Amino acid sequence: MIDAINSHDDNLLVAIERFELVAKATHDVIWDWDLVKGTVWWNSGMELIFGYAIGDVGTGPESWFDRIHPDDQEQVVKSIHDVIDQGGTNWADFYRFRRADGTYAKVHDRGYAIRTDGKAVRMVGSMIDVTEQLRLQEANRESEENLKFAMQAAQLGAWNLDPIGQTVHWDDRCRELYGFPSKDELRYENLVKFIHPGDRDRMMTAVRDALDPAIRSTYDIRYRTVGASDKKLRWLHCRGQAYFDNQGKAYRFSGISRDITDEVDNREKVLWADQQAAMTLEESGAGSFHVKLETDELIYTPVMAQIITGRESSKVTRDVFIRHIHPDDAALRLQAYQKAETTGQLRYEARFIWEDNSVHWIRAIGRYLYDSSGKAVSLSGLVMDITDRIESEQRLKTGEERYRQLAEELEQRVSQRTEELRQANQELISSNNNLQQFAYAASHDMKEPLRKIQSFSSRLQTIYGKEFDDNGTFMLNRIQDASSRMSLMIDDLLAYSRLTAEMNFEPVSLDELLASVLADLEISIQEQNAEITSDPLPEIWGNAGQLAQLIQNLLTNAIKYRRPDESPKIRITASDVNENEKRSLPALISDHPYVRLEISDNGIGFDEKYIERIFQMFQRLHGRGEFSGSGIGLAICKKVVQNHHGYISAKSIQGEGSTFVVYLPAVRQE
């Protein structure tokens, strides 16, 4: 019995000793949680990995969960208690655990529940610091993403050729570069046919040399492809490397491909541009030079030597610029070089003395070229003979001085002429006023004898009408008709002359004005059975009297020029004028709002080729036997619109009606 107890104790001691050895040997943090006593035991890994002295860790469960990151604590504690409370045995979780220095480690924690009679009494586990492992995984993932991004940004396509199976594996970009061949064509012998026939042999030779263990050349080639599906021609730059096993047999051949079509096109364009530049330079008469700064070697064109020395030469050195520059301009050249050391740009204009002692103005421009360390290695530039330009500028300067003197003289003459024009304008205004007064007086004075003619002709008809024969009656009627027309014309002339007088502007309601005009035209409207409709009309900034004349004349015309078999139908509409429409009519004030008024009728209309004629004085499109009138009505309308800084026009279809369009200033909204 005693031996059995001793044997059991010995086994227990051995087990404890083994556990302690395992706890010491591992780099994990080993923990033992006594769920009955509520104590936790930690091995020395707490000090080695997290920096806690064993005596400072604590022995309660709080020594564990108080060090869990606050954002992870609830979830982790819940997950371990779910295993304990629900009969589970294995628990594992990832979370952040606080080190002794206050930083947090990312850990992978695993535990095993020991149960007695189904109840968890103990839990043993280990905690591993996976911070560095996760960092490396993240770095690897970022590296792969960066590589993928770099490949995409550089528009590179990756490919792998299996030398044994002769199959090709590539990414989407590579498939695009070959014009999207189908999956059935992804074998080497099939893909070769998409290489341009002119480049195919050269490409296949490069592949063989790269796969030949005796040569093992680097695969670096440029060739053209003809797209499998899109038939598009592309230039590719392909680089790759073959990999060989210990027996010298190629087992992988991989690389990248890049579309260089634009580069090839641009290189051809640059070559063409260089040729054009050389031709242009030659035609312009400029000379070019290139100086290697380390040796002062001068490379130049014959034209440059001609421009600097006056003679083409094949034995010119860099000091030619110093030997031939005018002594008075040597400092100017030196200053230009000192400035170029900072800016990299050389630019100056100076005089050079040719070998025949003639002096010429030369313009020199250049640019320094630098190596990778920022050191200037060469200077390239042009020289141009600008003697003609300088002499022209000097002549121009002399001319400008003369021009300035002439301008002063002209200014005096303009000032004098302006004063003369001002006086003439005053005289013209006075004369115009006198003419207006004369026209008014003449028209007014003509009314009196005209009234006598009308009165005496009426009395003749009343008293002696029965004694006249047919010819006398006809002549008397002609006298009365002519005097009526004369009276109407005088009234219209008086109305037109009054339009030139000064007038006051104010807000005018078109609705109220229209109602007044319709009342005046009531008899004519009833006689012709005219139908007049109108939209609500806005306020106009203008003169009420003149605007009434405008509306009345337009409505009178619309009623008068009706079709014989149809009653007049007249429609009045109004709308705001937008900026685009206003800009198309220069007569309008640019910064003032306008209203577009339209008066449409179903009358006889007119041919639009007479559009300008209808607004002129005494112009008629119909004989007096067809329609009465003086031929002044539309001229009055145009004058009223001009007085209001507006615009009037018309559109018409002969036999179908007319529309008169009037632009008038609206009341400005403050």
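Mentor: One term to start: exposed means over 50% relative accessible area, and buried means under 20%. Also, this is a predicted model.

Trainee: OK. Is Ile-463 buried or exposed?
Mentor: Exposed, because its relative accessible area is 52% and the cut-off is over 50%.

Trainee: Where is Ile-463 found?
Mentor: In helix α14, which covers residues 387–464.

Trainee: Which residues form a nonpolar patch with Ile-463?
Mentor: Leu-460, Tyr-464 and Phe-468. Together the four have about 360 Å² of accessible area on the surface.

Trainee: New topic. What does the pLDDT average over the chain?
Mentor: The average is 81, and 80% of the residues score at least 70.

Trainee: Which elements have the lowest and highest mean pLDDT?
Mentor: Helix α1, residues 2–25, is lowest at 46. Strand β3, residues 90–98, is highest at 94.

Trainee: And how many contacts beyond four places in sequence does the model have for residues 1–18?
Mentor: It has 0, and pLDDT stays under 50 there. Residues 622–629 are also below 50, but that stretch has 14 contacts beyond near neighbours in sequence.

Trainee: How should I read coordinates where pLDDT is low?
Mentor: Not in detail.

Trainee: Which residues of helix α20 are buried?
Mentor: Leu-634, Ala-635, Ile-636, Cys-637, Val-640, Val-641 and Asn-643. Just after α20, His-645 has a positive phi of about 55 degrees.

Trainee: Last one: where does Asn-357 lie?
Mentor: In the loop between β13 and β14. Asn-357 is exposed, at 64% relative accessible area. Its C-alpha is 9.7 Å from that of His-324, 33 residues apart along the chain.

How values were computed: Residues are numbered from 1 along each chain as its sequence is written. This is a predicted model: local features need pLDDT of at least 70, side-chain atom pairs count only at pLDDT 80 or more; totals for chains, interfaces and linings use all residues. Side-chain values use heavy atoms; hydrogens and water are left out. Patches are made of residues with over 30% relative accessible area and no salt bridge: like charges are joined within 9 Å, nonpolar side chains (Val, Leu, Ile, Met, Phe, Trp, Tyr) within 5 Å. Accessible areas come from the Shrake-Rupley method with a 1.4 Å probe; for residues, only the protein chains shown count as cover. A salt bridge is a side-chain nitrogen of Lys or Arg within 4 Å of a carboxyl oxygen of Asp or Glu. Helices (H or I, at least four residues) and strands (E, at least two) are DSSP runs, numbered from the N terminus. Buried means under 20% relative accessible area, exposed over 50%, partly exposed in between (1.4 Å probe, protein chains only). pLDDT is the predictor's confidence in each residue, from 0 to 100. Contact means heavy atoms within 4.5 Å.
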